[in-house]
Amino acid sequence: MKHFEFSDSMLDTGALHASVEHHAAGGYASFEGWVRDHNDGRSVRRLEYEAYVDLAIKEGERIVAEAITRFGIHNARCVHRVGALELGELAVWVGVSSAHRAEAFAACRYIIDEVKHRVPIWKKEHYTNGDSGWVNCERCAQAPEHTHSHDHASVHHHPPHEPHVHPDGLQAPDYSRQITLASVGLEGQRKIRAARVLVLGAGGLGSPVLSLLAGAGIGTLGIVDDDTLDASNLHRQTIYSLADCGRPKALLAAERIRSLNPEVDVRPYVERASEKNLTALSEAYDILVDCSDNFSTRFAVNDAAVKLQKMAVVASVYQYEGQIQVIRPNGACLRCLWPKATLDGTVGNCAEAGVLGPVPSILGSLQALEVLKLILNLPSPATHSLILIDLLSLEVRRVEARRAAECAGRTCQRIPQPLLTSDTEPLELLARPLQLYVDEGYTLIDLRDDKERAAEPLHVDHQCILAMSLISKPQQLDSNSRYLLLCSRGQRSLAATKAVRAAGISAAWSMQGGLSCVTPA
Amino acid sequence: MIIVEIQYYALLREQAGISSERMETTAKTALELYEEVRQRYGFSLSSDQLQVAIDNDFSQWDVALQNGQRIVFIPPVAGG
């Protein structure tokens with residue numbers, strides 16, 4: 001069955017409906033577009049549709065296929081009329097069958113919206129006064145300066161980059177309500193305009209951060225998020241629309257910001273923030289705002305801020321509680337509070353533990369406030385602190401965050417050394433007292449068998465994995481840690497190191513000569 | 001010199017007075033070709049309000065044209 005077709009005669013909705021029926025489907029949604037008797041204040045008598053059929057069918061098939069994969073629906077179909085149509089006639093029909101109603105509605109909406117934007121079909125309206133006109137063509141011919149798109153390829157794909165010109169000629173929000181504050185004024189507004197803020201995560205925390213900062217007039221806003229919008233996000237991520245489910249959040253958020261405030265230079269990055277890209281991404285920004293939902297990103301943001309001497313505003317939520325911390329150059333960082341980076345999966349995120357929408361909204365609003373306070377140099381608590389908020393009891397606690405003693409007067413000592421090692425990185429490290437390696441952050445792995453362990457027990461923190469077990473399954477190591485592999489003479493540990501490196505875990509070394517070099521004979 | 005087939009739809013078809021033509025041209029790109037026919041027929045739409053398709057696929061304006069291609073200039077659409 002074709003998913004997208006044209007018809008030059010009246011559509012049979014009964015037959016169309018039957019063609020998407022599916023026994024596994026629990027729901028069906030349909031959209032019908034009819035010929036209406038007026039448009040833009042003019043009285044319409046009849047319509048003509050014209051299509052570039054070869055390309056239109058290709059593009060239409062693509063749209064329906066996109067809807068089927070994005071929304072996981074069973075079947076979908078769209079038929080569009082061409083030729084002359086009278087008032088009240090059915091011009092376009094979309095039908096979707098799916099397991100549940102939510103994706104049926106969303107997919108149906110998606111198909112008709114994309115068809116309208118992307119498929120080369122033109123509508124000519126004949127008016128009661130005898131006049132006629134091509135819809136859209138005439139309008140842009142009259143006002144070309146308002147419909148320019150600089151990116152030709154995107155003309156038919158949601159033209160979001162066009163200037164959002166208000167009918168009254170407004171180009172930007174009116175900032176007078178914040179400029180009135182004595183501590184802001186015109187000078188403060190200039191500082192806000194000059195600021196460059198990178199927001200990591202466009203979810204529950206990111207939604208209020210992005211909209212409030214864009215509204216305030218931040219000059220440059222970067223958005224990093226690799227996720228697509230899901231219907232389960234909407235209760236707390238209210239900058240989005242149901243119809244946008246399935247599309248990348250970074251791009252959706254960028255569209256939202258452009259329509260809220262065209263003055264903002266908004267830069268979406270559809271990628272996952274990690275220690276691999278954060279340094280490069282952060283370079284062009286002054287303040288990082290961590291709105292991510294996982295520990296590895298949160299610590300990576302912290303580490304990038306510390307290394308690049310940037311400020312960061314980090315927040316997280318757990319059910320009815322939240323935490324927020326501002327990280328300043330040479331102040332306390334996340335690793336002062338948590339020397340061992342928390343591993344993902346140990347504490348539930350919103351998807352696992354559940355959350356009420358206002359909780360991340362409140363924490364995200366606080367993050368936006370802290371960012372503005374940093375930019376405007378507004379008073380803040382003198383000491384660096386972690387703020388804990390319990391939104392059930394409405395209690396706020398401030399815990400003083402002290403810079404770790406070992407980092408006093410120098411750069412953070414707790415950030416793991418770059419984990420990516422090159423091919424030339426030696427496989428072996430010199431035999432030294434094991435406690436030194438433990439202090440330097442290595443995880444020690446004892447590869448010896450039970451008998452050897454019993455004969456020469458280790459007296460420092462370590463894990464035990466048999467050499468053969470590690471060689472056959474090197475993935476059991478965590479790529480975010482640094483490992484020193486140990487055996488009696490350094491042979492098995494060298495073999496295991498090679499296997500571990502080959503599995504893509506680059507931060508593993510063998511201790512040269514093995515334990516025989518460091519333990520008393 | 002190459003020969004291409006050009007197809008016009010909607011407003012462009014009406015302004016050109018024809019729906020298609022075979023044309024000999026020195027235009028190197030779709031953009032140059034559009035400027036040529038725009039001069040000839042006085043099209044009211046500028047190229048940045050249009051999309052272009054070459055051999056039934058959306059294309060960039062600066063792609064080099066080849067002999068025998070089918071070029072379609074696509075005005076803003078209004079399906080649905």
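# A tour of chain A

Start with chain A, which is divided into domain 1 (4–146), domain 2 (176–407) and domain 3 (428–517). What you see is a predicted model. Show the C-alpha centres of domain 1 of chain A and domain 3 of chain A: they lie 64 Å apart.

**The whole chain**

Colour chain A by secondary structure. You will find 18 helices and 22 strands. Chain A has 521 residues, and 47% of them are buried.

**Stop 1: helix H2**

Select residues 53–71 of chain A. This is helix H2, with 19 residues. From first C-alpha to last, H2(A) reaches 26 Å, close to the 27 Å expected at 1.5 Å a residue.

Which residues of H2(A) are buried? Highlight A:Leu55, A:Ala56, A:Glu59, A:Gly60, A:Ile63, A:Val64, A:Ala67 and A:Phe71. Look down the axis of H2(A): the buried residues fall within an arc of 160°, so they line one face of the helix.

What do they pack against? In chain A, the partners are strand S1 (4–7), strand S5 (75–81) and helix H3 (101–118). Show chain B as well, where strand S3 (51–54), strand S4 (57–59) and strand S5 (70–74) also pack against the buried residues of H2(A).

Step just past the end of H2(A). A:Gly72 has a positive phi of about 65°.

**Stop 2: strand S5**

Select S5(A). Here 7 of the 7 residues are buried, so the strand is largely enclosed by the rest of the structure. Both faces are covered. A:Asn75, A:Arg77, A:Val79 and A:Arg81 are on one side. A:Ala76, A:Cys78 and A:His80 are on the other.

S1(A) runs parallel to S5(A), and 4 bridges join them. Find A:Glu5: its bridge partner in S5(A) is A:Val79. Then show strand S7 (residues 90–98) of chain A, which is joined to S5(A) by 6 bridges and runs antiparallel. For a landmark, find A:Asn75, which stands opposite A:Ser97 in S7(A).

**Stop 3: helix H8**

Jump to residues 206–216 of chain A. Is helix H8 mostly covered or mostly uncovered? H8(A) is mostly covered, with 8 of its 11 residues buried. Among them are A:Pro208, A:Val209, A:Leu210 and A:Leu213. A:Gly217 follows H8(A), and its phi is positive, near 100°.

**Stop 4: strand S14**

Select residues 311–318 of chain A, strand S14. Of its 8 residues, 6 are buried, so S14(A) is largely enclosed by the rest of the structure. A:Ile287 stands opposite A:Met311 in S14(A).

**Stop 5: an open sheet**

Finish with 5 strands of chain A, in the order S18-S22-S21-S19-S20. They form an open sheet, and the pairing is parallel. Which strands are at the edges? Strand S18 (428–429) and strand S20 (463–464) of chain A are, and each pairs on one side only.

Zoom in on strand S21 (residues 482–486) and strand S22 (residues 508–511) of chain A, which run parallel and are joined by 3 bridges. End the tour at A:Leu485, whose bridge partner in S22(A) is A:Ser510.

Terms used: Residues are numbered from 1 along each chain as its sequence is written. Chains are lettered from A and ligands numbered from 1 in the order in which they are written. This is a predicted model: local features need pLDDT of at least 70, side-chain atom pairs count only at pLDDT 80 or more; totals for chains, interfaces and linings use all residues. Side-chain values use heavy atoms; hydrogens and water are left out. Helices (H or I, at least four residues) and strands (E, at least two) are DSSP runs, numbered from the N terminus. The expected span of a helix is 1.5 Å times one less than its number of residues. Buried means under 20% relative accessible area, exposed over 50%, partly exposed in between (1.4 Å probe, protein chains only). The arc is that of the directions from the helix axis to the C-beta atoms. Contact means heavy atoms within 4.5 Å. Domain bounds come from an automatic or database domain assignment. Two strands pair if DSSP finds at least two bridges between them.
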